[in-house]
Amino acid sequence: MEPDLSVRIGDIRMKNPIMPASGTFSYGEEMADIIDLSKLGAVIMKTTTLKPRQGNPYPRICETDAGIINSIGLQNPGIDVVIREKIPFLLKFETPIIVSIGGATIDEYVWLTEKINNKAELVNGIEVNISCPNMEGGGIGFGQDPEIASEVVAKVKKAVSPDLTIIVKLTPNVTNIVTIAKAVVSAGADAISLINTVRARGKVRGKDETWLDGGLSGPAIKPIALKLVHEVAQAKLGVPTIGIGGISTVTDVLDFLECGADAVQIGTANFINPNVMMEVINGLKAHMKEKNYSNIEELKKGKNK
Ligand SMILES: Cc1cc2nc3c(=O)[nH]c(=O)nc-3n(C[C@H](O)[C@H](O)[C@H](O)COP(=O)(O)O)c2cc1C
């Protein structure tokens, strides 16, 4: 019998636990020519803001020994274009759609949520990216202060229909991740995803050498992500956890599941091998067949024995 790879994140039933990490998959249009989007557990869009954003000046990417530093600056066409053009494109695939939102103020998170909620029948969930700087709070990230993080999530929850699953994406750039995770779950988060990129600096080599301050991603951050996912899972907050950070193989996925994740997102690896998510989904299925696990729950139990 074929193993059942499905998982449930909040009210979203996914065919498998593999989905793209926000910002590494754009809105899925270019990727649809390369991979079959209907095979993914879900599609998570690039973080969208209220108004269109040009993003930061170039260079925006710096290669490092085991990952990349990016400083894209949330370039995106704004929520109205996403609702009008990007979501309709994705509707032809039978894959849950998750919109990622980022605000400069708490009100902006609420307005973004209200706009998405007006189209609630088209999408399955919202990933609240709280790594954005809080412009009212002196630029400290919303996700770095448990009270502010909790206020964002409580107001988003209030603005949204209960059918939409609210995933809150945490930043690793904090002293105590469990404090933030507890705050957002108490405020109503249906699931937690982690981690966003790790604060870093690198030198962009080449003709015009320059330093780039941004966020590190890729294999270099996998051990950091595993540690933080494990801490949050151990806190047993009663919501699913989605692991992110340096995943590109089945072994990486198994490591995250073993540390307590219920699903995973793949980011930087998509830039190196656009087919990576398909390979990981097929590889995970083959692994489960070989080990005789009939579903993900059994796989997690087997691994945790
Ligand atoms: C080029 C680039 C753009 C990103 N843009 C976003 C974004 O818009 N929203 C977000 O929540 N995370 C963004 N991220 C972070 C990823 O979603 C992910 O959390 C991080 O890269 C760690 O996963 P990875 O090591 O598999 O890349 C971006 C990462 C990269 C490399």
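Trainee: At roughly what angle do the axes of helix α3 and helix α4 cross?
Mentor: The axes of α3 (residues 146-159) and α4 (residues 177-186) cross at roughly 30° and come within 8 Å. Axes are lines fitted to C-alpha atoms, for helices over the stretch in contact, and angles run from 0 to 180 degrees between N-to-C directions. The model is predicted: local features need pLDDT of at least 70, side-chain atom pairs count only at pLDDT 80 or more, and totals for chains, interfaces and linings use all residues. Residues are numbered from 1 along each chain as its sequence is written, and side-chain values use heavy atoms, with hydrogens and water left out.

Trainee: Why are α3 and α4 called roughly parallel to each other?
Mentor: Angles under 35 degrees count as roughly parallel. The crossing is at roughly 30°, and α3 and α4 are therefore roughly parallel to each other.

Trainee: Which residues make the contact between α3 and α4?
Mentor: On α3 they are P146, A149, S150 and V153, and on α4 they are T179, I180, A183 and V184; contact means heavy atoms within 4.5 Å. By class, the residues of this contact are six nonpolar, two polar and no charged. Ala, Val, Leu, Ile, Met, Phe, Trp, Tyr, Cys and Pro count as nonpolar, Asp, Glu, Lys and Arg as charged, and the others, Gly among them, as polar.

Trainee: What makes β3 and β4 edge strands?
Mentor: The open sheet has eight strands in parallel pairing, in the order β3-β14-β13-β10-β9-β8-β7-β4. Both β3 (18-20) and β4 (43-44) have a single partner strand, so one side of each is left without a neighbour in the sheet.

Trainee: How do you know that β4 and β7 pair?
Mentor: Two strands pair if DSSP finds at least two bridges between them. β4 and β7 (residues 97-101) are joined in the parallel sense over two bridges, and I44 has I98 of β7 as its bridge partner.

Trainee: What joins β13 to its neighbours in the sheet?
Mentor: Three bridges join β13 to β10 (residues 191-194) in the parallel sense, with T241 as the bridge partner of I192. Three bridges also join β13 to β14 (residues 263-266), again parallel.

Trainee: Why is T268 called buried?
Mentor: Buried means under 20% relative accessible area, exposed over 50%, partly exposed in between (1.4 Å probe, protein chains only). T268 has a relative accessible area of 12%, so T268 is buried. T268 is found in the loop between β14 and α7 (269-272).

Conventions: Helix = DSSP H or I, 4+ residues; strand = E, 2+ residues; numbered from the N terminus. Parallel < 35°, antiparallel > 145°, perpendicular 65-115°, else oblique.
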